[in-house]
Amino acid sequence: MTFHDHFSSRASIYARARPTYPPSLFAHLAALSPGRNLAWDCGTGNGQAARGLAAHFSRVVATDPSAPQLAQASSHPKIEFRLAEERDCALPALSVDLVTAAQAAHWFDLEAFYAEARRVLRPGGVIAIWCYNLMSIAPGIDDLIAHFYAVTVGPFWPPQRKHTEAGYQTLPFPFPELPFPAVIMEQHWGLEELAAYLRSWSSVMRFTEKLGTDPVEPLLRDLLAVWGAKDQKRRVEWPLGGRIGRLPWS
């Protein structure tokens with residue numbers, strides 16, 4: 001492996017449990033793009049962002065270096081899934097209107113990714129990277145999850161996690177920058193859906209692999225006392241953070 005592979009072993013959990021991005025984000029990016037013919041979604045995972053892009057672009061090429069992740073992606077007539085790293089998407093030069101990386105850029109060789117983005121983007125093309133950090137539900141619930149995040153599985157987070165905590169403001173971004181919109185990702189989940197999401201965290205996977213126990217189970221017992229009925233749906237919110245840049249028009 002030449003990439004940071006934290007999710008292949010639980011690709012099916014990732015596909016089932018990860019939240020989806022708000023349609024308003026993709027509408028905003030499409031409006032900025034010089035055309036709507038081709039978008040490249042790099043580090044697509046199971047294609048969460050690619051499906052959002054397909055609502056606005058004639059064609060989406062979605063790449064990921066993990067075959068198990070791509071195997072969990074749902075087929076779509078506008079999306080072509082490819083096994084590829086960020087350094088080589090195999091697209092023609094000057095052919096892409098928009099390059100995206102959703103919750104993925106902190107794992108990349110950024111210099112190689114940015115060089116590939118510059119190669120494939122057409123004049124005036126747009127590049128957007130974004131991420132989300134800890135969610136918000138309700139004060140008592142948030143306190144338990146924050147302790148779980150920072151203390152229980154805190155030592156098991158990869159060092160790249162610091163970049164998502166900073167909304168990608170700590171990543172180099174060598175492009176003329178455009179404002180990132182104020183958008184919030186949201187889901188309405190019961191406790192079991194929340195548990196599945198927590199088990200898709202890279203820190204939880206590493207905790208389980210190293211210690212042989214599931215750290216989510218004790219948390220669920222504590223959460224049940226403040227959640228209400230186990231199947232009660234609650235609003236879960238994640239503010240998105242990221243960077244948007246545009247290549248020169250000529």
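Predicted model: local features only at pLDDT ≥ 70, side-chain atom pairs only at ≥ 80, totals over all residues.

1. A contact here means heavy atoms within 4.5 Å. Among contacts in the protein between residues at least 6 apart in sequence, 76% join residues at least 24 apart.

2. Residues are numbered from 1 along each chain as its sequence is written, and side-chain values use heavy atoms, with hydrogens and water left out.

3. The protein has 10 helices and 8 strands, where helices (H or I, at least four residues) and strands (E, at least two) are DSSP runs numbered from the N terminus. Its radius of gyration is 18 Å, close to the 18 Å that the globule rule gives for 250 residues, so the protein is as compact as a globular protein of that length. The radius is taken over C-alpha atoms, and the rule is 2.2 Å times the number of residues to the power 0.38. Along the principal axes, the C-alpha trace spans about 60 × 35 × 35 Å.

4. Buried residues make up 56% of the 250 residues; buried means under 20% relative accessible area, exposed over 50%, and partly exposed in between (1.4 Å probe, protein chains only). The accessible surface comes to about 10800 Å², of which 55% belongs to carbon and sulfur atoms. These areas come from the Shrake-Rupley method with a 1.4 Å probe, and for residues only the protein chains shown count as cover.

5. How many salt bridges does the structure hold? There are 12, a salt bridge being a side-chain nitrogen of Lys or Arg within 4 Å of a carboxyl oxygen of Asp or Glu. One of them joins R59 and E80, with the closest N and O atoms 3.0 Å apart. R59 lies in strand β2 (residues 59-64) and E80 in strand β3 (residues 79-83), so the pair ties together parts that are 21 residues apart in sequence. R59 is partly exposed at 34% relative accessible area, and E80 is partly exposed at 31%.

6. A second salt bridge pairs R87 with E85, at 3.7 Å between the closest N and O atoms. R87 is partly exposed, at 42%.

7. E116 and R119 also form a salt bridge, 2.9 Å from N to O. Both residues sit in helix α5 (residues 110-120), 3 residues apart, about one turn of the helix. Elsewhere, salt bridges that share partners join R59, E80 and R82 into one network.

8. Two backbone angles deserve a look. Most residues other than glycine have a negative phi. Phi of L94 is near 60 degrees, a positive value; L94 lies in the loop between β3 and β4 (96-102) and is exposed at 57%. Phi of Y168 is near 70 degrees, also positive. Y168 is in the loop between α7 (161-165) and β6 (177-178), and is buried, with a relative accessible area of 0%.
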